[in-house]
Each structure stands twice: as structure tokens, then as C-alpha cells.
Amino acid sequence: MDTGILILRLLVGLLVAGHGVQKVSSHLGGRGLEGGTEEFRADGFRGGALTALAAGGGQIGSGLLLAAGLLTPLAATGVVGVMTVALTVKWRHGLWVQNDGYEYPLVLIGTAVALAATGPGAWSLDAALGLGPYPLWWAALALLAGAGSGLLTRLVLHRPAPAAPRTAARGGH
């Protein structure tokens, strides 16, 4: 079981961290901070470079913590938070990824919560440092705090879509 959890932690944690690297640099196929800023603006977010840095930093930090199995509930909370924002962006496209849907962020959210529920396993920094096992309620807290922070981020930083222009009524009213 510890081997499976290690593989899952490394896969998900490093992918989330890599996605953050892409937001703020030209490494791993990223378009640099300018490209990350442009991506957020295209998705309707305020904040420019600061938003891209916060999102990228959050993804890098929570992804690396998850991969290392260090402070696992906190790492899961960070992953859930950033992926909740991604889910809200993709929501209008439906579930499936081939339509630019929210399937992938949902899988990452579920995996992060599952890792918070199971714990990081014996081959983790949490285990090496004597942290944990964490009580199961930490998984629920990671889900609630992560989703709440992601939804709050969306609420605070997302610009509403511009209203459609009104046309003058015809008929002499």
C-alpha cells in the first residue's frame, strides 16, 4: 500500500508543481510570467502578474509538499484550492476534458482529498518526522478549506462578463 501511495503522491504532486512552473517561467513548456498573466486575463481574472505568481507559487508549493508527503493535509488544501479555481474556469465547458471541461481538475481535487484521508504513507517526510497519522477529519477540512479558498479567489478576482449591448426598442414606445 505504501508503494501505491508514494507513486500517487509523486505523480499528482509533481504534475501540479510542474503546472505552477509553467505559469511563472518558460520551463516545462511554459510561456513565462507574461504568458501566465495573459492566461489569467483571458480567463477573466484581475491582478495580472500578481495573480499568476500567486497561482503558480501555490501550485508549486502545494505540489512539492504533496509529492514529498510533508504536511499532507496542508498540501492537499493547497491543491484543492488552486484546482477549484481551475474547475470554475472550465465549468461552462462541461465535465469532459476533450471539450476543455473540468474533468482533470476534479480528478486532482479527488486525489488530493484521498491522500489527505489515507495519509502520505510510510515513505514520506511526514512519517520520517513523526507527523501523523492525521485524523480523518483533516481530509474533510482540506476539502472545505481548499474549495472555499478557491471559490473566494474566484469571487474576488474574477471580472463579470460584460453585459450584452442593449438595442433600442422599436415601435415608438
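At what angle do α5 and α7 pack, and how far apart are their axes? The legends below refer to a predicted model.

**View A. Packing of α5 against α7.** The two helices pack at an angle of about 150°, and their axes are 7 Å apart. Angles over 145 degrees count as roughly antiparallel, so α5 is roughly antiparallel to α7. The crossing of α5 past α7 is right-handed. On the α5 side the contact involves Ile109, Val113, Ala116 and Ala117, which meet Ala139, Ala142 and Leu143 of α7. By class, this contact has seven nonpolar residues, with no polar and no charged ones.

**View B. The largest nonpolar core.** This core holds 20 residues, of which Leu66, Val79 and Met83 touch the most other members. At least two core residues come from each of α1 (2-24), α4 (72-90), α5 (103-118) and α7 (137-157). The most are given by α4, with seven residues.

**View C. Surroundings of Leu66.** Beyond its neighbours within four places in sequence, Leu66 is in contact with Arg9, Val12, Gly13, Thr72, Ala75, Ala76, Val79 and Leu115. Another core, of six residues, lies apart from the largest one and includes Phe40, Ala52, Ala55 and Val89.

**View D. Packing of α2 against α3.** Helix α2 (residues 32-42) packs on helix α3 (residues 48-68) at an angle of about 100°, with axes 8 Å apart. The two are therefore roughly perpendicular. Leu33, Gly36, Thr37, Phe40 and Arg41 of α2 make the contact with Gly48, Ala49, Thr51, Ala52, Leu53 and Ala55 of α3. By class, six residues of this contact are nonpolar, four polar and one charged.

How values were computed: Residues are numbered from 1 along each chain as its sequence is written. This is a predicted model: local features need pLDDT of at least 70, side-chain atom pairs count only at pLDDT 80 or more; totals for chains, interfaces and linings use all residues. Side-chain values use heavy atoms; hydrogens and water are left out. A nonpolar core is a set of buried Ala, Val, Leu, Ile, Met, Phe, Trp, Tyr and Cys residues joined through side-chain atoms within 4.5 Å. Buried means under 20% relative accessible area, exposed over 50%, partly exposed in between (1.4 Å probe, protein chains only). Helices (H or I, at least four residues) and strands (E, at least two) are DSSP runs, numbered from the N terminus. Contact means heavy atoms within 4.5 Å. Axes are lines fitted to C-alpha atoms, for helices over the stretch in contact, and angles run from 0 to 180 degrees between N-to-C directions. Angles under 35 degrees count as roughly parallel, over 145 as roughly antiparallel, 65 to 115 as roughly perpendicular and the rest as oblique. Ala, Val, Leu, Ile, Met, Phe, Trp, Tyr, Cys and Pro count as nonpolar, Asp, Glu, Lys and Arg as charged, and the others, Gly among them, as polar. A crossing is left-handed if the near helix is turned anticlockwise from the far one by less than a right angle, and right-handed if clockwise.
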